[in-house]
Amino acid sequence: MMKSWLVSLALLTQLGCTTTQSKSSKESTYHMEKVWYQGGMDNALKLSKAQNKPLFVYWGAVWCPPCNEIKDQVFSRSRFGELMGQFIPVYLDGDSEEAQIWADRLQAYGYPTILVLSPEGKEMLRLSGGVNLEEFELALAGAQNRSLDELVEKARSGKLDREGWQAISFISWGQLPEDQYPAKTIWAIQRDLLDSMPRGLQRERAVLIADFLGLSSRLAQEESPVEGLDDVRREAPQLLDGVFSSEQTVLATRGFINSSGVDVLSWAFSSESSAYDSWKKRWLWAAQVIRSSKRVSVDTRLWAIYPLIQFHKDEQPKKAAPEALKAQVVAAAQQADLEATSSYERHSVISGAAYLMRLVEAYDQAERLLKKELAQTDTPWYYQSSLSSLAAAQDKDQEALYWSAEARKSAQGRASRLQWITSDLLLTAKVESQDQRERLLFLAKEFYQLATDLKDGFAGRNQFRAARVGKSLQAWKNDKGFQSLFKGYQSRCQNLSGVAQDNCIKHFEELI
């Protein structure tokens, strides 16, 4: 069924056929609405089996920057609609009634999560959200009619075809179900895959190396790191050569280069060695390649400034960013602001631009950008939260609380409202004030009222919020007012069912 795609894929040999062409929000929204199946997950699964078509599942939220990035780069393109003809495509908005229940079933907890399921319901692919249209197409073609486990097993044994290796390279390893794929298991798999990957797949190898090195540097921080990490560290120069070997491999590993420089180089080399300095120069060269490329998205080019910030903060943690660095970051943010013309681009870019400026203490510029966006956005709570974080970074506690409350009040959507109530509650619990107790009681009541009104109030991402709320309120569990509140809402757990009810009962047992 999926083999027909390979005719067009044979011509795709370089990254970046899809540039960030602007689309009007109206056109993109209309296109996307026509693509997605509207009958819900249960019916989609039945239809998938009846028509013997795989199920394509996208789980995300309207305000989420990386969700808007994948919408801009992939979902809003006409080719996406053509590709979905081979699937039953379902968009599970995180605020829809069934989304958080399905999050637990699919083990999808981070926005965005992108899955391909076989007609029998087996997971075939869990795809990274940081792909462009060409990479997306390659990944789907490579998955074909085989489960993820089969794909990995064939790769480890050296029996996987070229298309399968292309799919392997775009797996979102960090989002795989942890009970089946704990981090140390993934590390062992990736090491085997690098040994068995055939020659001639430079781009795919570079992507796998990047994920492997990032995971290695994280595992090295654990109390009992995996056996063999020292060997990998000695091999780091050869592995990094695979990442930095060409413009193509640099652009293919753009997310890794934009985010992992200090972590990987600090683990692989002594920070005082000449080797560290040499690799730092190569890393910054790669970031400049990304920053200068029109073959990647506006957001990707913006974040290519981040390695400069990372290296400065690592080497001079107590010193403010020099004016030259601050000017570079502000210029990158302003350029991204100019280039982000579509609704999806602005949702994916603006909050990140403000965050980067905050890191170098360009507070006034960050505030102006956020307030400008706040005046025109359809998701004001996201930018109000950013303004709260900006105020907190300057020790302006009352201003931070003000913007946090504004974000909570403006948040729309079931799960989104719970998330922003949680954010306001956590900040209130941290900032001491005369009305702290009263404000916390109010927010706790608002949270529990909504969480116990929703059938999924203690499921999926909502359960993560509930856990954070419960932990934050432990300090108040002996207060009579809070005890009365907890007992009042404990009985409402019976309104829920399944895992949500179990989680709700356990939540209040830990507080009463």
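A crossing of two helices is left-handed if the near helix is turned anticlockwise from the far one by less than a right angle, and right-handed if clockwise. In this predicted model, helix α23 passes helix α25 in a left-handed crossing. The crossing of α4 and α20 is left-handed, and α10 also passes α11 with left-handed geometry.

## Confidence

The protein chain has a mean pLDDT of 92, with 94% of its residues at 70 or more. Residues 1-27 have pLDDT below 50, and this stretch makes 70 contacts in the model beyond near neighbours in sequence.

## Helices α23 and α25

Two packed helices are described by the angle between their axes and the distance between the axes. For α23 (residues 397-410) and α25 (residues 436-453), the angle is about 20° and the axes lie 14 Å apart. Angles under 35 degrees count as roughly parallel, and α23 and α25 are therefore roughly parallel to each other.

On the α23 side, the residues in contact are Leu401, Ala405 and Arg408, which meet Arg439, Phe442, Leu443 and Glu446 of α25. By class, this contact of α23 with α25 comprises four nonpolar and three charged residues, with no polar ones.

## Helices α10 and α11

Helix α10 spans residues 183-196 and helix α11 residues 202-219; they pack at an angle of about 145°, with 10 Å between their axes. From α10, the contact takes in Ala183, Lys184, Ile186, Trp187, Gln190, Arg191, Leu193 and Leu194. Their partners in α11 are Arg205, Leu208, Ile209, Asp211, Phe212, Leu215, Ser216 and Leu219. The contact of α10 with α11 has ten nonpolar residues, two polar and four charged.

## Helices α4 and α20

The axes of α4 (residues 65-75) and α20 (residues 343-359) come within 7 Å and cross at roughly 145°. Helix α4 contributes Pro65, Asn68, Glu69, Lys71 and Asp72 to the contact, while α20 contributes Tyr344, Glu345, His347, Ser348 and Ser351. Two of the residues in the contact of α4 with α20 are nonpolar, four are polar and four are charged.

## Salt bridges

The structure holds 28 salt bridges. One of the salt bridges pairs aspartate 161 with arginine 146, with 3.0 Å between the closest N and O atoms. This pair links distant parts of the chain, its residues being 15 residues apart. Aspartate 161 is in the loop between α8 (148-156) and α9 (162-169), and arginine 146 is in the loop between α7 (133-143) and α8.

## Backbone exceptions

Most residues other than glycine have a negative phi, and most peptide bonds are trans. The peptide bond from tyrosine 111 to proline 112 is cis, with omega near -10°. Proline 112 is in the loop between α6 (99-106) and β3 (113-117).

Glutamate 361, a residue other than glycine, has a positive phi near 65°. The loop between α20 and α21 (363-374) contains glutamate 361.

Terms used. Residues numbered from 1 in each chain as written. Predicted model: local features only at pLDDT ≥ 70, side-chain atom pairs only at ≥ 80, totals over all residues. Heavy atoms only, no water. pLDDT = per-residue confidence, 0-100. Contact = heavy atoms within 4.5 Å. Axes fitted to C-alpha atoms, helices over the stretch in contact; angles between N-to-C directions. Helix = DSSP H or I, 4+ residues; strand = E, 2+ residues; numbered from the N terminus. Nonpolar A, V, L, I, M, F, W, Y, C, P; charged D, E, K, R; others polar. Parallel < 35°, antiparallel > 145°, perpendicular 65-115°, else oblique. Salt bridge = Lys/Arg side-chain N within 4 Å of Asp/Glu carboxyl O.
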